[in-house]
Amino acid sequence: MTVVAQTGAAGFLARYEGLKDHLPGARKPWLNALRADAAAHFAARGFPTRRVEQWKYTDLAPVAQASFAEPLTMVDGAIALPAANAPNRAVFVDGRFRADLSTLDGLAFRATGLAQHLGDAESHLGSLAKPEAEPLAALNTMLFEDGLLVDLPDGVDGGLLELVSVAVDPGRPFAFHPRHLVRLGEGARLTLIETATGGGACLHNPVFEIDVAERASLTHGRMLQEGSGAFHLSTIYARIAAEGTYDNFTVAAGPRLTRNEIHAALVGPRAACHMNGAQMAGEGQHVDTTTSLDHAAPDCASRQTYKTVLAGRSRGVFQGRIHVHRVAQKTDGYQMNQALLLSEEAEIDSKPQLEIYADDVKCSHGATVGALDPDSLFYLRARGIPEAQARTMLVEAFLHEAVDTVTDETLRGALTRALDAWWSRQAAAA
Amino acid sequence: MPAVTETIETVQAATESGYKWGFETDIEMEFAPKGLNEDIVRFISAKKNEPAWLLEWRLRAFALWKTMAEPRWAAVKYPPIDYQDSYYYAAPKEKVGPKSLDEVDPELLKTYAKLGIPLREQEILAGVEGAGSTPAAGRMPIAVDAVFDSVSVATSYKERLAKDGVIFCSISEAVQEHPELIKKYLGSVVPQGDNFFAALNSAVFTDGSFVYIPKGVRCPMELSTYFRINAKSTGQFERTLIIADEGSQVSYLEGCTAPMRDENQLHAAVVELVAMDDASIKYSTVQNWYPGDAEGKGGIYNFVTKRGACRGARSKISWTQVETGSAITWKYPSCILQGEESVGEFYSVAITNNYQQADTGTKMFHIGPRTKSTIVSKGISAGHGQNTYRGLVRIGAKAAGARNFTQCDSLLIGDLCGAHTVPYIENRCATAKVEHEATTSRIAEDQLFYCRQRGLTQEEAVGLIVNGFCREVLKELPMEFAVEAQKLLQISLEGSVG
């Protein structure tokens, strides 16, 4: 008798049914209830199709039709880690925390693997994620095995912390769904630098629940750089209390399909949120940034700048929604998304969206799409700069704007290197 | 200061009368039985003495409609519509060919007088023979087609237009007189199965205007249609078709009103425009259907499909709309830019006050090379009004050098209303350039203060600022309409400033 591997949603649901008594925290009733609830949502909706408005431009069919195994055994042997950006780092291999590869000693706060500390996560886990609304969050909740747990006490300056996620190619498609919980107490500060690398046909489906208390400040830099066979579908939920700040800078370049989805809610007066990013795609790749920003308190400010560069047969998507609630008077919201098309076969789809229910607000968005400006190219060439170099200058200038506002030099350096690395690969390929 | 005088006058008028077009004309009407089925479609077609192919066409639309679901994606809320509880055909019983004003039904004349149509044009509208040969002194002549509930009651200036070969008549007449044109173009821009409301319209449309401008003709006057829903429980399903042949030009105006009623009435129109090489069509609308009362009771559901095809090279279609009325507006006048270097424009002002809801915008499909489009949308929300701009700019792979510029501005008056912007941009062409800008704000305190300091009342000041906010759009309107539109803006905002 042959066993037919089940694909897509059915495969994941079957896996959940088979594993549910063995998943981390299986003896905790609250967690079992959370997982069962998420499984019910995922069973009801499956992977979203393009008929779902939020997925109009990104087709998950390649994910929904594939059959993914789970990385059951721990990977042994040497693992190639990306160069360190900070002395303290938490390393995850195939979604599992590896204390042996991490350096987290002497921290003034807790940063560790979630699986071993689920008992402490009850109040945080599931408090922000919405499995009923986002099927990928449901999938994550149903099957997560591990993740990063960061908890900064009030007033602590955590400095830099690095989160490294490595996928080791086992030669067949596999999936992992880490759940990362980050909590900053009142007035705490942290810069979190995240790098996702690795090869193979992996589905990396992380969910972040980020809770920023009053006057706390989290800067979250992300470099999504898995190999060209990978699917990276990440969903971030952030809640920012009064006078708190959450800054997100994402560079997405590498995977076959990237979805960078961020839901941020400004829930206290004078909270702020910056969401910036650059996403790039070359031949056969698809990049999608989808943001949703809730202004749910007065006097909050938000800034978003997203850049997309497309080469070859590729597709880029930007969807950004700003929702200003009735109470959110004196809101100052700004969003800009710009796309550069370097190829005849690229496609960009953009949907900036404002939903405003308060009257004393200042909200604006802008979107532009175009090719490299021929006048600028001509200007540079007229000054003796070869065309290839002129193009590089213009593309880099375009991309760097997304990370210009990063104040932490280490983070800005890392993000800039990630941007430039993508462009050199593209230029070399062309 | 004429603007101020105007404002004061308008505000006074508004305070006295509210929605002054809310009267009902007591006129003898002929109805088809309530409800919607194949027999009604056949009844309408028979009443209009239509050829067999058109009946078939309607029946196909009806069959399609039955398989379709009402769209629910717009940001508007309303209770389910009972499509069986409405009359699909209502016509004033008229005597054929009145020879003088005395023979015209006096109720009909009164209606036109109340609507503010000048006496001379009333004569023309009522079809008094010989009345249309000379335009009233000092005014540009405007040819008018008036549609009363389901049928076109009169078209003026026909003879003058015929001299240039321009055809301007009701669509029922065109079906009889110019069947070849109708057969060729009807449904060629908005097919029967395009959407739920277009399918409904295709099945039961009762009248509307038809315009054909021959090659190289610049239409000698503005053409205008006046729509009026009068009878109770009627839906209005008019169909307008405008064809501008090579090198021709036409400007077309559309106005609408309806009596005040507590129940909601459905208006599902379809407008199709076709522009050939070097032709240009300018389509202006001042929509002032009854918006419902201050508590949101009653009003028109304005669910309209308007689309123009720029088929020829260098053709141009320009939509200008001022949407002040209707309980709910669901309307996206669009341009299909097929011909190379063709141009599409959309200028819109939409106001929602009290409990009005508007979900409106445009779609620009860039297909041909070097096509250009401009979108300027101004949304104003007051009271509990909800105002959404929803638009699509799609640039196809072959639209090399295409260009789009979009600007959407929203103004909020009061903290119970909402303003939303949902633009979709889809670009498959590297050499295209697309720009989109949107802002949302309220009337600045310093602007108000400045006006108040100069002796303007709060309402006058708001009126002045709102008019300034809408100027970019209003200036696109033909003169007479622009004045009318300015007044309407103020009336619509009546009661929103406190």
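Since it's predicted, local features need pLDDT of at least 70 and side-chain atom pairs count only at pLDDT 80 or more, while totals for chains, interfaces and linings use all residues. Residues are numbered from 1 along each chain as its sequence is written, and chains are lettered from A and ligands numbered from 1 in the order in which they are written.

So, where do the chains meet? On chain A, 30 residues are in contact with 28 residues of chain B; contact means C-beta atoms, placed from the backbone, within 7 Å. Strands E20 (347-356) and E21 (362-370) of chain A each bring at least two residues to that side. E20(A) gives the most, ten residues. Strands here are DSSP E runs of at least two residues, helices are H or I runs of at least four, and both are numbered from the N terminus.

Now look at E21(A): seven bridges tie it to strand E24 (residues 433-442) of chain B, and the two run antiparallel. Strands pair if DSSP finds at least two bridges between them. In this pairing, A:Cys363 sits opposite B:Thr440 of E24(B).

Next, over to chain B. Helix H2 (residues 38-47) and helix H3 (residues 52-67) have axes that come within 10 Å and cross at roughly 150°. Axes are lines fitted to C-alpha atoms over the stretch in contact, with angles from 0 to 180 degrees between N-to-C directions. That makes H2(B) and H3(B) roughly antiparallel, the word for angles over 145 degrees. Among the residues that meet there are B:Val41 from H2(B) and B:Phe62 from H3(B).

Methods:
Contact = placed C-beta atoms within 7 Å. Parallel < 35°, antiparallel > 145°, perpendicular 65-115°, else oblique.
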